[in-house]
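Subject: Structure handover: pocket and salt bridges

Hello,

Here is the structure for your files. My notes on the pocket and the salt bridges follow it.

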Amino acid sequence: MKTIERERYLERIKGLKDTPDIKIITGIRRAGKSNLMQCYIDYLRNNFEDANIIYIDYMDLEFEEIKEYHALHKYVEDRYDNNKKNYVFVDEVQMCEGFELAINSLYAKKKYDIYITGSNAFLLSADLATLFTGRYIQIHMFPFSFKEYCEFYKEENDKDKLFDEYFFKGGLSGSYAYNTELDRVAYITEVYETIVNRDLIQKYKLTDMQVMRQISEFLMDNISDLTSPNKVSDILISNNTNTNHVTVGKYIKYLCNAFVFYNIKRYDIRGKKYLETLDKFYICDTGMRYAILGNRNMDYGRAYENIVCIELLRRGYNVYVGKLYNKEVDFVAMKGNEKYIYRLVIIYRMKKHLKESIHHCYK
């Protein structure tokens, strides 16, 4: 299958080389975590003769016998080379029982540069501080950006056409291997179903998946709308679903933990404070929204707003929904000393094609 080098992530991980942190590559399923790890391993092998690569891929039956933390620890220690710099890579680490004990022990020896990937259900931001007693740093991956999509289809020069395609196909690049829309949509649906029907059930021991699905589809159908658990539960209850705002709030949190949605809070620009009520939720990829809901209630303006939000997150900004006096500003994006205020102007064209211009001012 055709691949591209994801430069932004690769440069980030290169910059972390030989730092003491445990490097943890996170992101939604099929975002390219394993491929990034392989690209970085190739980089080390091609540029550093003193690099000793210790690599474990738990999806490979070759490593079936070390799916236990003592065995993992011994496997790595047996391959340590005192005359070289030692790099440890563990892919799908959650498949090793007690993996955190082995990783913490190896980290404590201060002689390994450690990199791991795993299922998004087992390496959640909320769990990392508990799992790893030492320092760690996340490299968070998103699906393909529009720029990466253009690079993948670089033989096509019409950017408007590419953007229209990207809107529906999305950034889960594994789907690009399929020639028909039916198969492509089936691929993305399988990714979604695996997260909702397997990962979240296994992680949180859920019993009522129907409520989870209804909440997820509601959030998909209402991307960029101000939302609260109370609002969602009231709507579900009015449709004869037996739930409450506490359950809804927990399930929304689980979906965000699995990187299906991103919770964007509100920020009062004039008062310079964060507002606690009524957040907005954006799906990780518009292709997933289309695969699950099709064209149902498709609001192109809100979907394009979703793409902009994810792109700002991809570029490393802390993103908030802005409030200035009693008016909403689409986004406040902050990074270090930078602060940008974005207002999106969406102009509709024929066949619901869109042209977007973003007007921003620097503060």
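Which helices each supply at least two residues of the lining of the largest pocket? They are α2 (33-47) and α8. Helices here are DSSP runs of H or I with at least four residues, numbered from the N terminus.

Before the rest, the basis. This is a predicted model, in which local features need pLDDT of at least 70 and side-chain atom pairs count only at pLDDT 80 or more, while totals for chains, interfaces and linings use all residues. Residues are numbered from 1 along each chain as its sequence is written, and side-chain values use heavy atoms, with hydrogens and water left out.

The pocket

A pocket is an open set of points on a 1 Å grid over the protein atoms alone, with protein on both sides within 12 Å along at least five of seven lines; its lining residues have an atom within 4 Å of a point. The largest one holds about 900 Å³ of space, where volume is the space filled by probe spheres set on the points, and points are joined across faces, edges and corners. Its lining consists of 38 residues, and R30, A31, G32, K33 and S34 are those nearest the centre. Helix α8 gives the largest share of that lining, six residues. By type, the lining has 13 nonpolar residues (Ala, Val, Leu, Ile, Met, Phe, Trp, Tyr, Cys and Pro), 13 polar and twelve charged (Asp, Glu, Lys and Arg), with the others, Gly among them, counted as polar.

The salt bridges

The whole structure contains 23 salt bridges, each defined as a side-chain nitrogen of Lys or Arg within 4 Å of a carboxyl oxygen of Asp or Glu. For accessibility, buried means under 20% relative accessible area, exposed over 50%, and partly exposed in between (1.4 Å probe, protein chains only).

- Helix α8 (residues 181-204) holds E181 and R184 three residues apart, about one helical turn. Their side chains form a salt bridge at 3.9 Å, N to O. E181 is partly exposed at 43%, whereas R184 is buried at 7%.
- In helix α9 (residues 209-221), R213 and E217 are four residues apart, about one turn. Their closest N and O atoms are 3.9 Å apart in a salt bridge, and E217 is partly exposed at 22%.
- E311 and R315 form a salt bridge with closest N and O atoms 2.7 Å apart. E311 is buried at 19%; R315 is partly exposed at 45%.

Regards

Technical notes: 1 Å grid on protein atoms, 1.4 Å probe; cavity = no way out; pocket = protein on both sides within 12 Å on 5 of 7 lines; lining within 4 Å.
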